[in-house]
Amino acid sequence: MRRVVIDMQNHLFSDAIARVLQAYDSDFFIEMSEAPDKTAELCKVTQPHILMMEITAYTLWSLKKRLSICSE
């Protein structure tokens, strides 16, 4: 089973991505992060294969911070 954590501000978009991934392959296990500050802890607990995060001009975290979460 491939674990995926999704952290996006737009919940409709993140739900759509989760549905597409599961329709493509039922082997995906999707975890939705409740808030950006909880994403790092969720990743430590679930040990995901993929972390999907949106990057916008108005994000709470910088790209550098988001990439550091992936490497933890």
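A word first on the basis of what follows. The model is predicted, so to speak of local features I require a pLDDT of at least 70, and side-chain atom pairs count only at pLDDT 80 or more, whereas totals for chains, interfaces and linings use all residues. Residues are numbered from 1 along each chain as its sequence is written, and side-chain values use heavy atoms, with hydrogens and water left out.

Let me begin with the sheet. Helices (H or I, at least four residues) and strands (E, at least two) are DSSP runs, numbered from the N terminus, and two strands are paired if DSSP finds at least two bridges between them. Here 3 strands form an open sheet in the order 2-1-3, with parallel pairing. Strand 2 and strand 3 stand at the edges with a single partner strand each, so one side of each has no neighbour in the sheet. From one strand to the next, the twist averages 20°.

Strand 1, residues 2–7, is joined to strand 2, residues 28–32, by 5 bridges.

I turn now to the packing of the helices. Contact means heavy atoms within 4.5 Å, and angles run from 0 to 180 degrees between N-to-C directions, with axes fitted to C-alpha atoms, for helices over the stretch in contact. Val4 stands opposite Ile30 in strand 2. Helix 1 packs on the sheet, touching strand 1, strand 2 and strand 3, and its direction makes about 170° with that of strand 2. Helix 2, residues 36–46, also packs on the sheet and touches strand 1, strand 2 and strand 3; its direction makes about 170° with that of strand 1.

What of the interior? Buried means under 20% relative accessible area, exposed over 50%, and partly exposed in between, with a 1.4 Å probe and protein chains only. A nonpolar core is a set of buried Ala, Val, Leu, Ile, Met, Phe, Trp, Tyr and Cys residues joined through side-chain atoms within 4.5 Å. The largest such core has 8 residues, among them Val4, Ile17, Leu21, Phe28 and Ile30. Helix 1 gives the most to this core, with 3 residues. Leu21 touches Val4, Phe28, Ile30 and Met52, leaving aside residues up to four places away in sequence. A second, separate core of 7 residues includes Leu42, Cys43, Met53 and Ile69.

Val5, in strand 1, counts as buried because its relative accessibility is 0%. Its contacts, not counting residues up to four places away in sequence, include Leu42, Cys43 and Ile50. The C-alpha atoms of Val5 and Ile50 are separated by 6.4 Å, although the residues lie 45 apart along the chain. Ser14, in helix 1, is buried at a relative accessible area of 3%.
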